[in-house]
Every structure is written in structure tokens, then in C-alpha cells.
Amino acid sequence: MIPVTGLGCICAAGKSLPACLGALFAGGPGPAPATRFASGHPASYPVFEVLDFESDPRRLRTSGLLLHAAREALLDAGLAPEDLPRARTGVIIGTTVGCALNDEAFCRAYRAGGHPGLEPMERIFRSNPAEALALELGLAGPCQTVVNACSSGTDAIGLGASWIRAGLCDVVLAGGADELSRITFNGFISLKITSEEACRPFDRDRQGLNLGEGAALLVLEAPGTRRRARSFVLGYGSSCDAYHPTAPSPDGAGLRRALAGAMGGIAPAEVAFVNAHGTATPDNDRVEALVLRDVLPGVPFLSTKGCTGHTLGAAGAIEAAFTVACLEAGRIPASAGFRTPDPALGGAEPVREATSFTGGVALSSSLAFGGNNAVLAFGGPR
């Protein structure tokens, strides 16, 4: 068991983990038209944007969001930044491509034969999320950015825990970060999986996802740490469907393997709830709901993307932080956006209202383009 001693989070639901939890239980914010870029589409395709947030202009916004979450997590753990270089501290962060696609003006000028200044490129080179955090804190331990589509944040935490189990590190800063990008925004619209309204995960009338942005960071420490553990990483499972570039395998075989890997030694009856990927796309929600119905019958599940949007490479980390916080609280919020059960989900439906529980184990799952599946199991000292 790997202790989780600190948590930090920023997304459209709030600029700290307590603020986010408060918003989730209050029904969360709704999506709105993007303010940081224009798309030209007749429909607005609303997003979950972090408003009133400015970061160091020398770095991309993704790194700014990550550093914000990291400061909260380190404070929560009682770790001063100057303490970290003395420990064997690693950094592993998940992201997608949003962190490197927000300099269209430079690319347009270059393709037109111009000679634009290189500051935008220098900003990108300074903004590898894991490297930016390591440099900010003066860390020289293992450093890795995981780019595994929408399971990146979950994979980063699972791999970070493995670094500690392997004896490579005493402390690992693990999480995910992603900013909204016009190119990513248009890409998801072209795939026809973006909703023109607020997303409705697992609902019969779901029309697709809303994109979002944010970051979350977990401080993982070696067993025996003297700091208070808020939770423990109990397991991690990862698999690939090898079925389709963007759609999950209809039989959910890969997700079943990832669940089995995360739950090694954990009985279904011990699981209090599942924080599901729940994007509100028809394929994802159908496969995920049917697998949860079969593998974890009767176990409550929810999606928090109705309050945060799909934050892509940050999603797994944000949802892991929510999972730990809900384990501590002993209750989960209603699955925002869900109203009408979908007959195609075989009777599986997420929680409709805030729900208390007594168990001490929870799962957080992520499905991703490329057929990736990743699941984390957390246990709480309740």
C-alpha cells in the first residue's frame, strides 16, 4: 500500500480540492462557451473552463495549472519545497496534446514563409509538464510525462506508485494536467462526440462530452512515512483493447482486465463506489456501464464529468483526487447530468443523489483513445 499524503486540484469546479468537492455536492457549475478562443462553429459546444486564472506567460497554461495544484498538494502533505530535493523525489505527470497546440499564430506565420520570433517555441520547450514541475522544485529524481490519451493521469499515478514499490523513490509527485486548446476542441467536434448542451453521462439522451481543463496532483510516499496518509494506492491495472483507434471494445474485455489488475486481492463486496470515466459519449458509457454491472453488481458508481467536463490527460488525476476525498467523506455526490436510465445499459445507472457508504475501498477508472484502459484502487484509513 502506497500512502497518499497530499492532494491538490484545480478545474472548472474550483481552484482547490475542497472548493471542487463543495461544487460537486452542490450540483457543480455548468459549461459555457469558451472565452479563450473562437471556433467559428454555428453551435457553441460549451466547455468547462477555469475562469479568472492567469499563469506565468513564459510557460503554457497546462504547466501553470499543474503548478497551482502542486502547491496545494505539497501544503496539504506538510512538505516544504526545500524538503523535496533532499529526498529521492520523482515526478510523473499525464497530459495529452493540448499543452503544445496553442501557438497557432506562430505556426501560421511560419507556414506563410515568415520569420516569427521563437518565443512561442521556447515557451513550449519550457512547458513539458513533468519537467516544468521538477525544475520549479529543483528536483533531480526520475521525471516522466505520460502521454497516453485520456488515461494519462490515471497511468501516471499508477506508475508513480510502482516507482516507490520498486525502491526508486521515497516521494513521487504524480498527477495530470491539460488546458483547453482550439485544435483539440475542433478535433473532438469533427469526431462528432461533442455535445451542444451540458453533458449527461450514462443518460439515455446523452449527446457527447464537454471538454474541460485542469490539473490534479497526488503526493505519494514510501510506506512508513511519518506524515498522515489520507488514503493508500492499493492497486493499478492497465490494458489495451487493440480494437479501434477511438472506440472501446464492445465487450469491454480490456476494461475487465484493467479492473482485475487493480483489484488483485480486493473482493467486489469491499468496493464502496466507482468513480467512472463516464464521458457521456454513447460508446464509452455503454461499455463501461455494462462492465461495471457484470464485475461489480450493485456497487454505486458516478461520473463527475458533468461538473468538470472531460479534462483529457488531467481527468484521471482529478478523478483520483475526488475519489480519495469522497472516501474520506464517506459519501459521493449525485452523478451530474443523469436523469433518464438508458435501456441499452442493462439496468446499470449511476447514483441520482448524494449517497453515503460504509466501505473503505474505491475505484477510479479511465478509458482512452487507442483502446487504453486504466484503473486505480484506493483504500482509506476510515
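These legends walk you through a few close-up views of one protein.

The model is predicted, so local features need pLDDT of at least 70, side-chain atom pairs count only at pLDDT 80 or more, and totals for chains, interfaces and linings use all residues. Residues are numbered from 1 along each chain as its sequence is written, and side-chain values use heavy atoms, with hydrogens and water left out.

View 1. Helices (H or I, at least four residues) and strands (E, at least two) are DSSP runs, numbered from the N terminus. Along its principal axes, the C-alpha trace spans about 60 × 55 × 40 Å. With 382 residues, a compact globule would have a radius of gyration near 21 Å, and the 19 Å of this protein agrees with that. The radius is taken over C-alpha atoms, and the globule rule is 2.2 Å times the number of residues to the power 0.38.

**View 2. Ten strands form an open sheet with mixed pairing.** Follow the strands in the order β3-β2-β4-β5-β1-β6-β12-β11-β7-β8. Two strands pair if DSSP finds at least two bridges between them. At the edges sit β3 (143–146) and β8 (301–302), each pairing on one side only.

**View 3. Strands β4 and β5 pair in the antiparallel sense.** Here β4 (residues 171–178) and β5 (residues 214–221) are joined over eight bridges. To pick out one of them, look for A177, whose bridge partner in β5 is A215.

**View 4. Helix α2 packs against helix α5.** The angle between α2 (residues 61–77) and α5 (residues 129–137) is about 50°, and their axes are 10 Å apart. Axes are lines fitted to C-alpha atoms, for helices over the stretch in contact, and angles run from 0 to 180 degrees between N-to-C directions. The two helices are therefore oblique to each other; angles under 35 degrees count as roughly parallel, over 145 as roughly antiparallel, 65 to 115 as roughly perpendicular and the rest as oblique. In the contact (heavy atoms within 4.5 Å), T62, S63, L66, L67, A70 and L74 of α2 meet P129, A132, L133, E136 and L137 of α5.

**View 5. Helix α1 packs against helix α11.** Between α1 (residues 17–25) and α11 (residues 315–329) the angle is about 75°, with the axes 11 Å apart. That makes α1 roughly perpendicular to α11. From α1, look for L17, C20, L21 and L24, which meet A321, F322, A325 and C326 in α11.
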